[in-house]
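Hi,

Here is the structure I promised to pass on.

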Amino acid sequence: MRRLGPLVVEQRRVASRWTSALVRVAAIALALGLGALILEAGGYSARDSYRTMWDAAFANRDALAETLVAATPLIFTGLAVAVAARMLLWNIGAEGQLFLGAAAASWLAFSFPDAPRGLLLPAMVVAGAVGGAAWAAGPGVLRASLGVSEIVTTLMLNFVAILFVDYLVHGPWRDPESSGFPLSKPFTTSAILPSFGDTRLHAGFLIALGAAIVVWTLLRSTRFGYEVRVIGESQPAARYAGMPLRRNIVVVMLVSGGLAGIAGMSEVSGIVFRIQPDISAGFGYTGIIVATLGRFSAPGVVVAAILFGALQVGGYALQTTEVPPSIVQVLQGAILFITVGAEVLARYRVRWSPGREKRTPLAEKAP
Amino acid sequence: MSGTTPLVQLRGIVKRFPGLVANDGVDLELHAGEVHALLGENGAGKTTLMNVLTGLYRPDEGEILLDGRPVAFRAPRQAIEAGIGMVHQHFRLVDSLTVAENVLLGSRSPRVWVGRRAGIRQVAELAERYRLQVHPEARIWQLSVGEQQRVEILKALYRGARLLILDEPSAVLTPQEADALWDTVREMASRGEAIVVITHKLDEVQAVADRITVLRRGRNVGVAVRGELDSRALALLMVGRDVSLATRPEPLEHGEVVLRIRGASARSDRGLPALADVTLDVQAGQVFGIAGVAGNGQRELAEVVTGLRPLEAGSVEVAGRPLHGASARAAIDAGVAHIPEDRLGSGLVAGLSATDNAILKAYRRPPVSRGPLVDRRASRALTEQLLAAFEVSAVSPDAPVRLMSGGNLQRLLLARETAERPKVIVAVHPTRGLDVGGTETVRRVLREQQEAGAAILLISEDLDEVLALADPVGVLHDGRLAGVLPRERCDVEELGLLMGGATP
């Protein structure tokens, strides 16, 4: 308890679920308000800008499809970060795992161009997962055996993965007809995910929803998920109960990397139909924000990913106006910043109590 | 020494914490040039008293006189400026800095940063003067624990300490390092410093102290000059005559040996030898009590039996089967229940629900485990059964257990640990922090388990508790089983001597 004049700030025993949801909605509103101030200060109409963004993201069927297209990779990377975070592991390497997953899936697409679609596509999903998992395996094993910080190792491996894909498209996989652009040759139709009607929305979105359900069930209803929850809350208790800490660290990192790897598969097979260096607009990093906003739960991640997808699509629409689209980054940053800050504040309650209370120095606690 | 004004006088110090009186009218006189031992068990109030003296706590009653004049320290800084230095059990050093940097860090004189060379020279001179061997340019992380302690002492001396308080200084040292420390302490005393050594080791007291103050349960129970009291008398003062020898467990028929420990040795988290060659047997229906001052290997013993700590040598057998390696899982499967000292830290998961906590041990086996899944209905049924049987009042089986009271937490833990008829129960400080009712419940449950044929290893600092429940009683000192006494031969004097590690 702290006293600031007549105000007493004290810790709540539990932050209720409702408070927590309310905090998120309020944070988004506050961030939009902040963005409006910035826009107006720059001489742009906030009203018009938000209108444009809203129309582009939600106004009609095509707009909604674009939003879901943008949300798809974020669901995967958000889940990847969330699964690891449940065990207090920070996978900052979803970006690199995405690239590796894309490369592994592409390799299948190039190796078996004439395989039947019903066989090739599932195989590419598996390859994407394996590629991503392989990229996360090293950090997982190092963390489990030697305690090396996975934050550093996963982050550093991102650059390696991106440069590796760069090498592939400049070298062995380069399309001879690309007139110098670093692109692979296009996939055959059997390596392309089906899409809905004439929109760009592809089956990758359904795979993402499926992945969310799998992750949700895994954490909620399985022995493995139970262990992950216990380990995330208290490692001493997990050790006390005889849970295999090291093995679970590795397994969780593999699952996390696998999810990010499927994001890469879904992008190359559902959107660009080939592999090239710009398949990801920082999806791996945005996934960290998405996971945080979604409270590291699978349903939360899906909602947060759709929100961020909408922001991204809205941002593209702004490019046709005079408004600088980087306002979207400002909004994304502000939402995260305000939510995380508000999260902490939600754990306290401020009380008006002008009475004099005996001050006890902080150092005094019973031994 | 009488006649001169004491350097420090504490008069009638009272310090209360919620629920306990840590110091209850303590008097203490410290003279320049003396080594003063502050002797007492854990929780006797030694450290609290010194925290009052060093300005960390403010006394609720009583006064502190320095050179005969009353002082009131509002912060540790003021005590340091007045010449009072303390070396805590846990060092406060910056690992990545050098010895000299640590010594100079935060000291007020000189106000301007001394040149690097000058600083090193000053520290080297100081070290030389007090025979504290340590290289001023070495970095802290490169030093042994004993060397780090010397840096702490240097730090206090550099700040002009006239009174130096050492809290359990030999606890982390090898015997050779301890000898070197005592040389330094005598050297400092001969130069007119006053030194307070907080300890529970009787040999140490006899070897270095000029005067001895014994604290028990927050009260000053005796002051003696060197040689006035022998170890036996000191032990009696320390442990007290008020230990109730009246309540004693009814003798039960013991069965065969269930827990067999042979020559068990293990290291502490810091890598120091903490358990040395412990051999004991616990029979079915027997409560084997382990008494002793905390930090003498109790924790390591409990962890070795429950598979949480690897054995360096020796063996642990449960019902004739050895527990191999450090595997909590193997111990659980062998039927070892564990009531750990930190209920909410390791025995229970604070942030998870009562249900999730209830299945912490059962989640691997049917009916709670169904293939790779956890059966929610079975978990819920088990939880409700445990909560009902032990009258645990939970806000809701889904609310985090963090919200439950201490008594309820301990009942939930007991319920879970005894649910499957354990062969062995390791109970560590099982009633610590509980009220009378809670304590009663714990004792009743242990008694029931004993009657049901469990072999119980009861580790407790509370001598009353050990004597009320256990037969026989063993005492751990310095990682060794200093002695094992059958219940009818337990007397306080004997136990106190063993706890203090006095060599007969």
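**The sheet in chain B**

Strand S1 (residues 8-17) of chain B pairs with strand S4 (residues 61-66) of chain B in the antiparallel sense, over five bridges. To pick out one spot, B:Gln9 has B:Leu65 in S4(B) as its bridge partner. Bear in mind that this is a predicted model.

Zooming out, these strands belong to an open sheet of four strands in chain B, with the order S2-S1-S4-S5 and antiparallel pairing. S2 and strand S5 (69-71) of chain B are the edge strands, each pairing on one side only. From one strand to the next, the twist averages 30 degrees.

**Where the chains touch**

How many residues of chain B are in contact with chain A? There are 32 of them, and they meet 21 residues of chain A. Several elements of chain B each supply at least two residues to that side: strand S2 (20-30), helix H1 (46-53), helix H10 (328-333), helix H11 (343-347) and strand S18 (373-374). By type, the chain B side divides into 20 nonpolar, nine polar and three charged residues.

**A helix pair in chain A**

Over in chain A, helix H7 (residues 204-221) packs against helix H12 (residues 298-318) at an angle of about 150 degrees, with the axes 8 Å apart. Angles over 145 degrees count as roughly antiparallel, so that is what H7(A) and H12(A) are to each other. The contact brings A:Ala212, A:Val215 and A:Trp216 of H7(A) to A:Ala298, A:Pro299, A:Val301 and A:Val302 of H12(A). Its residues are seven nonpolar, no polar and no charged.

Cheers

Definitions and conventions. Residues are numbered from 1 along each chain as its sequence is written. Chains are lettered from A and ligands numbered from 1 in the order in which they are written. This is a predicted model: local features need pLDDT of at least 70, side-chain atom pairs count only at pLDDT 80 or more; totals for chains, interfaces and linings use all residues. Two residues are in contact if their C-beta atoms, placed from the backbone, lie within 7 Å. Ala, Val, Leu, Ile, Met, Phe, Trp, Tyr, Cys and Pro count as nonpolar, Asp, Glu, Lys and Arg as charged, and the others, Gly among them, as polar. Axes are lines fitted to C-alpha atoms, for helices over the stretch in contact, and angles run from 0 to 180 degrees between N-to-C directions. Angles under 35 degrees count as roughly parallel, over 145 as roughly antiparallel, 65 to 115 as roughly perpendicular and the rest as oblique. Two strands pair if DSSP finds at least two bridges between them.
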